[in-house]
Amino acid sequence: AFVVTKDKIAWLDLDTAAKIDAAVNLWRDAITTPPYVVPADISTKLRELIWEPVRKHLPAGVKVVYLCPDAELTKVPWAALPGDKPGTILLDDFAVAAIPHAPFLLDMLWPPEKKPTPPTGVLAVGGVPFGGARRRSIDGRQCHR
């Protein structure tokens with residue numbers, strides 16, 4: 001995993017894909033199968049594997065986390081992972097956004113370009129005959145709807 005902040009880029013070795021995939025699949029099975037109860041050990045294990053290493057590298061005051069997951073991690077509803085405090089979820093701590101690919105983030109970080117002159121004016125159209133109007137076909141003949 002890479003954690004990119006304003007001040008640094010950190011590379012993290014999370015764990016083996018096999019361990020992470022197994023934990024993701026157990027958790028997904030628990031949240032999608034009646035009675036939809038996730039045992040605490042499954043939630044805790046998944047959080048330990050994929051979130052806690054990342055969390056350690058987030059500066060204080062961060063409110064939004066952009067994630068670009070890969071492989072089995074694309075199946076994780078990240079906002080529903082256990083939060084920092086017992087009984088909470090990640091969405092209680094952060095606004096979580098999954099992005100389609102890493103270069104997308106670059107577009108989000110650049111300040112928007114200022115438009116030299118913002119558009120002004122209004123286009124108003126009224127009395128449009130939507131029903132039963134005549135039209136011309138491509139060959140120029142009149143046709144009816």
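Helices, taken as H or I runs of at least four residues, and strands, taken as E runs of at least two, are DSSP runs numbered from the N terminus; in these terms Tyr36 is found in the loop between H1 and H2. The model discussed here is a predicted one.

Two packed helices are described by the angle between their axes and the distance between the axes. For helix H1 (residues 17-32) and helix H2 (residues 40-55), the axes come within 9 Å and cross at roughly 145°, and the crossing is left-handed. On the H1 side the contact is made by Lys19, Ile20, Ala23, Val24, Leu26 and Trp27, which meet Ile42, Ser43, Leu46, Leu49 and Ile50 of H2. By class, the residues of this contact comprise 9 nonpolar, 1 polar and 1 charged.

| Site | Backbone value |
|---|---|
| Pro34 to Pro35 | cis peptide bond, omega near 10° |
| Tyr36 | positive phi, near 60° |

Most residues other than glycine have a negative phi, and most peptide bonds are trans.

Elsewhere on the model, Phe2, Val4, Ile9 and Trp11 form a nonpolar patch on the surface, and together these residues have about 520 Å² of accessible area. The elements that contribute two or more residues to the nonpolar patch are strand S1 (2-4) and strand S2 (9-11), with Trp11 lying in strand S2.

Notes
Residues are numbered from 1 along each chain as its sequence is written. This is a predicted model: local features need pLDDT of at least 70, side-chain atom pairs count only at pLDDT 80 or more; totals for chains, interfaces and linings use all residues. Side-chain values use heavy atoms; hydrogens and water are left out. Axes are lines fitted to C-alpha atoms, for helices over the stretch in contact, and angles run from 0 to 180 degrees between N-to-C directions. A crossing is left-handed if the near helix is turned anticlockwise from the far one by less than a right angle, and right-handed if clockwise. Contact means heavy atoms within 4.5 Å. Ala, Val, Leu, Ile, Met, Phe, Trp, Tyr, Cys and Pro count as nonpolar, Asp, Glu, Lys and Arg as charged, and the others, Gly among them, as polar. Patches are made of residues with over 30% relative accessible area and no salt bridge: like charges are joined within 9 Å, nonpolar side chains (Val, Leu, Ile, Met, Phe, Trp, Tyr) within 5 Å. Accessible areas come from the Shrake-Rupley method with a 1.4 Å probe; for residues, only the protein chains shown count as cover. A salt bridge is a side-chain nitrogen of Lys or Arg within 4 Å of a carboxyl oxygen of Asp or Glu.
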